[in-house]
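Visitor: I would like to learn how to read this structure feature by feature. Could you give me the general idea each time and then the case at hand?

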Amino acid sequence: GALALLAVFAVVVYAVAFRYFFGKPQSWADEIAGWLVVATVMLAAADAERRNEHIAVDALVLKLPRAGRRIAAAAASLSVALVAYFVVDEGLEMVAFSHMLGIVSNRLPQVFMWTVQSLVPLGGALLLLVAVANILRLWMGDERPASPAQPGMNE
């Protein structure tokens, strides 16, 4: 995810330089930057979930007793797993459809879109693995937070 984000920066700088300093817009740069943003999100979501750095409002959860916090954490991980499952399922369908039709990029016709779209089910699968690991961790009684970002689990 971090490498994809650095690549987005490099592609955008390159495109801006060619457009404004040399008067030669690079029509493919916007499309590649978009693909790299998708790669960044899909590959970083699982790591953010693993570190418990996802967006959350935990004002009420922190007021719950230990058992309530564990149940809330398990419910949150279960909901993430469910969403991740649908991302994988729909992503695989999207990839299969693009592959079946042989859809190619608008700007780079040598790039088959299914190859880029494969990042969606891959990222969903990684997120699903992390969510299932979190559920199992909680089930086994490990109440340690996934990261320091989740205060109060051990009180």
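Visitor: Is Asp47 buried, partly exposed or exposed?
Guide: The general idea is a set of cut-offs: buried means under 20% relative accessible area, exposed over 50%, and partly exposed in between, with a 1.4 Å probe and protein chains only. At 30% relative accessibility, Asp47 counts as partly exposed. Please keep in mind that this is a predicted model, where local features need pLDDT of at least 70 and side-chain atom pairs count only at pLDDT 80 or more, while totals for chains, interfaces and linings use all residues. Residues are numbered from 1 along each chain as its sequence is written, and side-chain values use heavy atoms, with hydrogens and water left out.

Visitor: Which side chain meets Arg50 in a salt bridge?
Guide: In general, a salt bridge is a side-chain nitrogen of Lys or Arg within 4 Å of a carboxyl oxygen of Asp or Glu. Here Arg50 pairs with Asp47, at 2.7 Å from N to O. The two are 3 residues apart in helix α2, so about one helical turn separates them. Arg50 is partly exposed, at 44% relative accessibility.

Visitor: What does the count of salt bridges come to?
Guide: By this rule there are 2 salt bridges.

Visitor: How should I read Glu49, and where is it found?
Guide: Helices (H or I, at least four residues) and strands (E, at least two) are DSSP runs, numbered from the N terminus. Glu49 belongs to helix α2, residues 27-50. For charge, Lys and Arg count as positive and Asp and Glu as negative, while His and the chain ends are not counted. Glu49 is buried but has no salt bridge, and Arg137, the nearest side chain of opposite charge, is 7.6 Å away.

Visitor: Which residues is Glu49 in contact with, leaving aside its neighbours within four places in sequence?
Guide: Contact means heavy atoms within 4.5 Å. With those neighbours set aside, Glu49 touches His54, Ser77, Val80, Leu127, Val130 and Asn134.

Visitor: Let us follow one of these partners. Where does Asn134 lie?
Guide: Asn134 sits in helix α5, residues 119-139. Its relative accessible area is 8%, so Asn134 is buried. Beyond neighbours within four places in sequence, Asn134 is in contact with Glu49 and Ser77.

Visitor: Now for the loop between α2 and α3. Is Pro65 buried or exposed?
Guide: Pro65 lies in that loop and is exposed, with a relative accessible area of 56%. Glu53 is in the loop between α2 and α3 as well, and it is partly exposed at 49%.

Visitor: Stepping back, how many helices and strands does the protein have?
Guide: There are 5 helices and 0 strands, and from the N terminus on the elements run α-α-α-α-α.

Visitor: What is the radius of gyration of the protein?
Guide: The radius is taken over C-alpha atoms, and the globule rule is 2.2 Å times the number of residues to the power 0.38. The protein has 20 Å, whereas a compact globule of 155 residues would be near 15 Å. The C-alpha trace spans about 60 × 40 × 20 Å along its principal axes.

Visitor: How much of the protein counts as buried?
Guide: Of its 155 residues, 34% count as buried. Among contacts between residues at least 6 apart in sequence, 69% join residues at least 24 apart.
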